[in-house]
Structure formats: structure tokens, C-alpha cells
Amino acid sequence: MDRNKIRQEVEGILREVLATKVEISPETRLEADLAIDSLKAMELLAEVEDRFDISIPVNVLNEVQTVEDLVLQIEKLLAED
Amino acid sequence: MGIFDKFQRLACSLEEVRQNFGGFNVVIEKILSPTRAVVNGHRVILAGTNNYLGLTFDEECIEAACRAIREEGTGTTGSRMANGTYHSHLILENELSAFFEKPHTIVFTTGYAANLGVLSTLVNREDAVILDADCHASIYDGCRLGGVSVYRFRHNDLEDLEKKLHRLRKKNLHQNLLIVVEGLYSMLGDRAPLAEIAALKEKYGAYLLVDEAHSLGVLGKKGRGRAEEAGVEEKVDFIVGTFSKSLASIGGYCTSHHAELEILRYASRPYIFTASLSPANLAAARTALKIIQDRPELKERLWHNAYRLYQGLQKMGFELGPEPSPIVAVRFRKPEEALKTWRGLLEKGVYVNMVLPPATPDGSALLRASVSAAHTSEDINHIIQAFAHL
């Protein structure tokens with residue numbers, strides 16, 4: 001799956017999890033801009049795992065600040081599979 | 001940006017609670033018995049503790065603790081590795097081994113330290129932990145300290161657990177996988193489907209650690225916990241637990257059939273670099289452990305109370321945890337409703353725990369009521385009536 005497709009999918013998941021039509025760009029920060037707290041982050045992670053059929057270590061969240069960070073992590077995990 | 005700026009959001013939430021409800025911090029002004037205290041000026045029934053067998057005021061436990069202080073002093077002033085291993089630490093480890101029928105046991109200074117000490121050491125960056133999403137913070141913190149990769153599965157969701165095990169095994173046939181669950185979950189009071197989890201552990205060649213913090217003395221014919229109740233003790237590699245609930249003291253332990261557990265004494269930083277358990281706490285825990293074995297009627301009384309409270313609240317239409325247990329969780333969709341109910345109960349002489357997100361499993365607010373073997377039938381009636389007349 002190419003990066004653009006992953007990005008589109010992630011943006012869709014974010015809108016579902018946040019239940020709002022918020023503006024999202026690759027630079028959007030998950031915590032600072034979208035107010036994703038630890039609970040929402042876990043919900044997001046579970047959705048991403050199901051949608052891409054991958055397992056994401058919780059630890060990875062420490063390195064994920066923006067939407068693009070998450071996209072790159074998914075790309076990496078898909079490549080490993 | 002100042003060093004405290006990161007707490008701004010938390011400070012705002014706290015201020016909101018203070019303004020609307022006058023806060024919810026509780027000081028036990030005077031503790032009177034396992035089930036009675038003075039809280040915020042009210043004499044209350046304590047229905048929000050972890051004193052499942054009601055042993056904190058047991059004469060035998062008190063006497064044993066007092067004797068230990070007179071004979072061994074008030075503190076050990078040292079770590080287990082240095083001058084802090086007393087004969088009584090070893091005796092308690094042996095008694096726990098005999099109780100669980102597991103030959104190797106290590107005692108830690110708290111239950112939190114037990115999870116921190118075991119998980120930070122047992123698994124490392126080469127391994128993977130697959131844990132239930134509702135596991136206690138000490139489990140997450142232990143994993144974080146050791147740097148192991150952590151994968152969460154949805155609470156009690158066997159399909160999700162298997163999906164994760166399957167993916168990890170497919171990727172690496174030889175990686176050490178450790179499944180971590182709790183026997184009885186502290187917030188909703190529901191059990192882990194342990195027989196099925198143990199079967200998955202075998203299928204995927206993983207290890208299994210069960211935290212029996214809330215199930216020791218509560219579940220199983222001999223009170224050994226959920227693993228005993230589910231008939232899978234031999235398949236559980238590590239049992240971790242605490243002395244601060246049914247054993248009415250403070251401290252923690254890990255017990256196992258793996259002889260290699262002993263090496264953790266020389267590698268686990270939370271075991272090595274903290275003062276050891278005090279003689280009074282050791283003596284109280286030892287006595288309570290003996291009482292669990294000698295007085296099975298306490299467990300029966302506890303469950304009798306648990307069923308009565310659960311059914312009483314269920315009849316009134318409260319949204320409760322999924323199954324009856326000594327932890328009866330009442331859910332509220334809005335935190336404001338939970339806060340109002342909590343204050344109303346306090347005024348009617350009942351103290352329960354107030355749990356707000358993010359400490360709750362699904363973001364809802366909870367009132368966590370818990371029963372004790374020391375509650376009388378009248379106490380349970382009083383608690384039910386207090387909920388009825390809010």
C-alpha cells in the first residue's frame with residue numbers, strides 16, 4: 001500500500017474516532033491539535049490495527065506526534081509483515 | 001514554557017471539579033474498623049476499600065504485627081540485597097510457595113514494586129508483551145521500565161488476543177511472548193477467561209503471567225485466585241500479587257514453578273534498590289495468609305455480600321459491571337452524575353470509590369463499590385437503601 005493511500009485511510013479513521021469533521025493535514029499534531037488523550041489514542045491504535053491488519057506496539061506512540069509520524073510507522077510495519 | 005505548563009489541562013479539570021462539586025478528595029479522618037470510618041465529618045460505612053476479608057483489624061494480625069515490631073523493630077533500613085533480608089522474609093516466601101504449590105517465590109515491598117520488578121526484568125527489547133487493555137498501571141510501568149514492546153488486546157477479547165499472537169508468531173517463530181492479564185479486574189470486577197487464555201498461550205508457545213491482586217483470598221476453592229478457579233494453575237508461568245488487599249498488609253510477591261525466577265533477585269532493580277518490607281507488614285501478611293487457609297467461611301461471607309449488593313443495585317436499574325463480584329461497579333455516562341451520586345451517598349453514610357477517566361476502562365465515570373466479609377447484612381441493606389434514596 002502506498003503512502004498516500006495509508007494517509008487517506010488514517011485521516012478517515014481519525015475523523016471516525018474523533019466523530020467530527022475536523023481539518024487534518026500530515027502536519028496535524030495528534031495531541032496538541034486534535035486533543036487526542038491517552039484513551040482516544042488507544043481507540044485510534046485499535047482501529048488502525050484492525051484496518052491495516054497489523055499490530056502496533058504501544059511504545060511506538062511515544063514517537064508519534066503528527067499524522068505523518070503515524071503514517072510512516074504504519075508504512076514501516078506493513079513492510080515488515 | 002515553564003516546567004509545570006504541561007499540567008495545565010489537568011489543573012483546569014481539577015479546578016472545574018472543585019468549583020462544581022467542592023472536590024472529591026477524601027481524607028479518612030478516623031478509621032474505626034474494617035467497615036467504619038469518619039470521612040469529611042460523616043460517620044460512614046466503608047464500601048470502597050480492598051479489604052475483602054476484613055482482616056485489617058483482626059486481633060491475630062494486630063498481635064502478630066505488634067510482636068514483630070517489639071522483636072524485630074519498626075523498619076529494616078535496608079534493601080533485600082544488602083542488610084534487608086530477615087529470616088521472616090524467607091519464611092513468608094516459603095509459606096507463599098507452600099500455599100500456591102509453586103516452589104519459587106520472591107517477596108517485594110509493594111504490589112506495584114512486584115509488577116515493576118518482575119516485568120522490567122523478565123522481558124526485554126528482544127521480547128514482546130501482549131497485555132489486556134484494562135491491566136493495572138503497574139503492569140504498563142513495569143513494561144516501560146524494561147523497554148519491551150507492548151501490544152494491547154481489547155479487554156477480555158480472546159479473538160483480539162489470538163490475532164495479536166498469530167501476527168507476532170508469524171513474524172518471528174522464536175521470540176519470547178509473554179501474555180499478561182489480571183485474574184479479577186479492579187474497576188469492573190470481571191474475571192479473565194483464563195482457561196481459554198491458557199489454551200492460547202500453549203497454542204502459540206507463549207508464557208503467561210497472571211496478576212491475582214484482587215483475586216487472592218477471593219477466588220478458587222483454596223483462595224489461590226482465578227488460576228485455581230479456572231483449573232489452569234499448572235499452565236500459568238508467573239503469578240504476581242499483593243498483600244495490601246485480602247492480606248490486610250502491604251507488600252507484593254511473584255511465585256512460579258520456574259527455578260530461574262531466583263535469578264531476578266540479582267537483576268531486578270525495583271527489588272534491589274528499595275528498602276525491604278517491614279517486620280510488622282511481614283507478620284500481618286503471614287497471619288492473614290494462615291487465616292485464608294483456616295477460615296474459608298470468610299470467603300463465603302464475602303460472596304454472600306457481593307451477590308446481595310449486585311442484585312440489589314441491579315434491581316434498581318443501575319448499569320453495573322458484567323458479573324457479580326466483590327467489586328460492584330456502577331457506571332455513569334456523565335462524570336457530573338457520578339459526582340452527584342458519590343456526594344449523595346457520602347451524606348447518607350456510605351463511602352464508595354469515585355473513578356473518573358482516564359482511570360476508567362471505557363471513558364465513562366464509575367462509582368466502585370466493594371464489599372468485605374466484615375460487612376453485616378444490615379450494612380449491605382444500608383448501602384442498597386442509600387442508592388435507592390438518592
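The legends below describe views of a predicted model of a complex with chains A and B.

**View 1. Confidence of the predicted complex.** The predictor assigns the complex an ipTM of 0.85 and a pTM of 0.94. Chain B has a mean pLDDT of 95, with 97% of its residues at 70 or more. For chain A the mean pLDDT is 88, and 100% of its residues reach 70 or more. Within chain A, the lowest confidence falls in H2(A), where the mean is 87. The highest is found in helix H3 (residues 67–80) of chain A, at 92.

**View 2. Chain A, a chain of three helices and zero strands.** Read from the N terminus, its elements follow the order α-α-α. The C-alpha atoms of chain A occupy a box of roughly 30 × 25 × 20 Å along the principal axes. A compact globule of 81 residues would have a radius of gyration near 12 Å, and the 11 Å of chain A agrees with this. Of the 81 residues in chain A, 44% are buried. Among contacts in chain A with a separation of 6 or more, 58% join residues 24 or more positions apart.

**View 3. Surface and charge of chain A.** The accessible surface of chain A amounts to about 4400 Å². Carbon and sulfur atoms account for 45% of that surface. Chain A carries 9 positive and 20 negative side chains. The centres of these two sets are 5 Å apart.

**View 4. A:Ala35, a loop residue of chain A.** The loop in question runs between helix H1 (3–18) and helix H2 (38–52) of chain A. What is the phi of A:Ala35? Phi is near 55 degrees, a positive value in a residue other than glycine. A:Ala35 has a relative accessible area of 45% and is therefore partly exposed, as this value falls between the cut-offs of 20% and 50%.

**View 5. Chain B, with 13 helices and 14 strands.** The radius of gyration of chain B is 21 Å, close to the 21 Å given by the globule rule for 390 residues, so chain B is as compact as a globular protein of that length. Its C-alpha atoms fill a box of roughly 60 × 55 × 50 Å along the principal axes. Buried residues form 56% of the 390 residues in chain B. Of the contacts in chain B with a separation of 6 or more, 67% are between residues 24 or more positions apart.

**View 6. Surface and charge of chain B.** The chain has 45 positive and 46 negative side chains. In chain B the centres of the positive and negative sets lie 3 Å apart.

**View 7. B:Thr77, a loop residue of chain B.** B:Thr77 sits between helix H2 (59–72) and helix H3 (87–100) of chain B. Its phi is near 55 degrees, which is positive although the residue is not glycine. Is B:Thr77 buried or exposed? Its relative accessibility is 74%, so B:Thr77 counts as exposed, the cut-off being over 50%.

**View 8. B:Val350 and its contacts in chain B.** B:Val350 belongs to strand S12 (residues 350–351) of chain B. The residue counts as buried because its relative accessibility is 0%, under the 20% cut-off. Which residues are in contact with B:Val350, leaving aside neighbours within four places in sequence? They are B:Val44, B:Ile45, B:Ala47, B:Leu345, B:His382, B:Ile383 and B:Ala386. B:His42 is 308 residues from B:Val350 along the chain, yet their C-alpha atoms are separated by 9.0 Å.

**View 9. B:Val236 and its contacts in chain B.** B:Val236 is located in the loop between helix H8 (226–230) and strand S9 (238–242) of chain B. Apart from residues up to four places away in sequence, B:Val236 touches B:Lys102, B:Leu208, B:Val210, B:Ala227 and B:His257. B:Gly73 lies 163 residues away from B:Val236 along the chain, and the C-alpha atoms of the two are separated by 37 Å.

Notes. Residues numbered from 1 in each chain as written. Chains lettered and ligands numbered in written order. Predicted model: local features only at pLDDT ≥ 70, side-chain atom pairs only at ≥ 80, totals over all residues. Heavy atoms only, no water. Helix = DSSP H or I, 4+ residues; strand = E, 2+ residues; numbered from the N terminus. Rg over C-alpha atoms; globule rule 2.2 N^0.38 Å. Buried < 20%, exposed > 50% of the residue type's maximum accessible area, 1.4 Å probe, protein only. Contact = heavy atoms within 4.5 Å. Areas by Shrake-Rupley, 256 points an atom, 1.4 Å probe, with all protein chains shown as cover. Lys, Arg positive; Asp, Glu negative; His and termini not counted. Charge placed at Lys NZ, Arg CZ, Asp CG, Glu CD. pLDDT = per-residue confidence, 0-100.
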